[in-house]
Amino acid sequence: MSLLSLHNSSGPRPPRRVLTELAWAMLPALGLLIYDLARGELVRLQPDAQLYLSVADNFLASGRFIQNVRAAGSFVVPPGLPVILTLLRLVGLSPGGIAAVQYALFALSCFLLRRTEEALFGRPGISPAVYALALFRARLTLGNVFVEHWFLPVLCAILYMAARKDITPGKRLFWLHLLTLFAAALRPVLAVLYIPVLVYTFSVLRKGAAPCRVLWLLLLPCLLWSANAAVNHRETGHWIAAENYAGEDMYLANNPGTRTELYEYENRTLFLGGDESALAAYDDPDPTVRDAALRSAALRWIAGHPGAFCRNTAMKFLRLFGLYWLGGFFLSLAAGVWLAGKSKNRVLLRTAVGTALALALVTSAGLAVGRYSIVVWPLSSVLLSVTAVRLFRKN
């Protein structure tokens, strides 16, 4: 049975219901499209988009899986999005064609969120509308190549697969492992999702609900990151499993002069105590060596100042997931706890809420960038939708 098979497979759905599902999938995407057209920014490739596309184009032109738009030639990004873009460029898609795929993925996300609501609570709600508002708030325009446009549908698929009742534990394990690996390849911080997936894996095996041969799934991350490290070694001379740029961001977020305000590259000196030369001690012509030195410096500062680190993380958590979303994320956590107390799926809901909170805290340990906090909104959209619909019907 495929990923998009019906939650209730006892028979076909009425045509009216199919049309309703299509409308909920398509109308939010159409709304964002009209907004982008009105601003004249249907396709706009910002610096990060140009970086990812350059990796794909370089590979197709020369066989080298490396970017050429940043000064540091061995600047390495996670493999997920460059591989996807390579395949899309291989079949001849222009940036406009890639934007069209992203609109389609957004519509698919809306479809999956509605199906998740139905699987968990018996009927779908307004999660696509909530989700569209979240993307609008984070300024994640679908005409730009953001990595978020690729990992968010994966998160929606993970939610749906976790919620479905019509598949065996073995099939659910397969999809959860595969999708979590895909998510981590797009954004490594999403490896946090492996914690509940592994707990579920060993719980299923302990109960005998799936054969032990599913343990081969645990080899997938080792194979992926080993292969990626080998490719990066060929290109840079270093064994880089995922990326070699997060060390600087980690140091900017955790140093003696750091700040907890929302970060923008243009004001980066504020996050170094106003002194750009604070990075000079880590200058190195090899970006991988520089990245490792900055990462080590950040970890030394955290180890020497655990109290300051926790306070800073708490402040960024409040800014990113509280103020930035006008309390919406906190409301969704409360909604999740409330719904778990009334649902047969309380274990799944509590696990999902706990995982979202863990992702929020890990994100808050880095730089406070508004769009990074979108990671919790597939789940939050479902929880807020269900709560709003239930309260409305009671009144």
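Trainee: What average pLDDT does the protein have?

Mentor: This is a predicted model, in which local features need pLDDT of at least 70, side-chain atom pairs count only at pLDDT 80 or more, and totals for chains, interfaces and linings use all residues. Residues are numbered from 1 along each chain as its sequence is written, and side-chain values use heavy atoms, with hydrogens and water left out. On pLDDT, the predictor's confidence in each residue from 0 to 100, 95% of the residues score at least 70. The protein average is 90.

Trainee: Which helices does the stacked pair of F106 and Y131 tie together?

Mentor: The ring centres of F106 and Y131 are 5.5 Å apart, with 10 degrees between the planes. F106 is buried at a relative accessible area of 2%, and Y131 is buried at 1%; buried means under 20% relative accessible area, exposed over 50%, and partly exposed in between (1.4 Å probe, protein chains only). Helices (H or I, at least four residues) and strands (E, at least two) are DSSP runs numbered from the N terminus. The pair joins parts 25 residues apart in sequence, because F106 lies in α4 (residues 95-121) and Y131 in α5 (residues 127-137).

Trainee: Is the pair of F317 and F330 stacked or tilted?

Mentor: The ring centres of F317 and F330 lie 5.5 Å apart and their planes are at 40 degrees, so the pair is tilted.
F317 lies in α12 (residues 306-323) and F330 in α13 (residues 328-340), so this pair ties together parts 13 residues apart in sequence. F317 is buried at 13% relative accessibility, whereas F330 is partly exposed at 30%. As to the geometry asked for, the pair is tilted.

Trainee: Where does L326, with its positive phi, lie?

Mentor: Phi of L326 is near 55 degrees, a positive value in a residue other than glycine. L326 counts as exposed at 77% relative accessibility. Its place is the loop between α12 and α13.

Trainee: Which backbone oxygen does the side chain of T86 reach?

Mentor: T86 belongs to helix α3 (residues 80-90) and is buried, with a relative accessible area of 7%. Not counting residues up to four places away in sequence, T86 touches A56, F59, L60 and F65. At 2.7 Å, its side chain reaches the backbone oxygen of P82.

Trainee: What covers the buried residues of α12?

Mentor: Helix α12 has 18 residues and reaches 24 Å from its first C-alpha to its last, close to the 26 Å expected at 1.5 Å a residue; the expected span is 1.5 Å times one less than the number of residues. Its buried residues include A308, N312, K316 and L320. An α-helix has 3.6 residues a turn, so residues three or four places apart point the same way. The cover includes α10 (246-253), α11 (287-304), α13 and α14 (346-364).

Key:
Phe/Tyr/Trp six-rings, centres within 6.5 Å; stacked < 30°, edge-to-face > 60°. Polar contact = N/O pair within 3.5 Å; in protein donor to acceptor, adjacent residues only side chain to side chain. Contact = heavy atoms within 4.5 Å.
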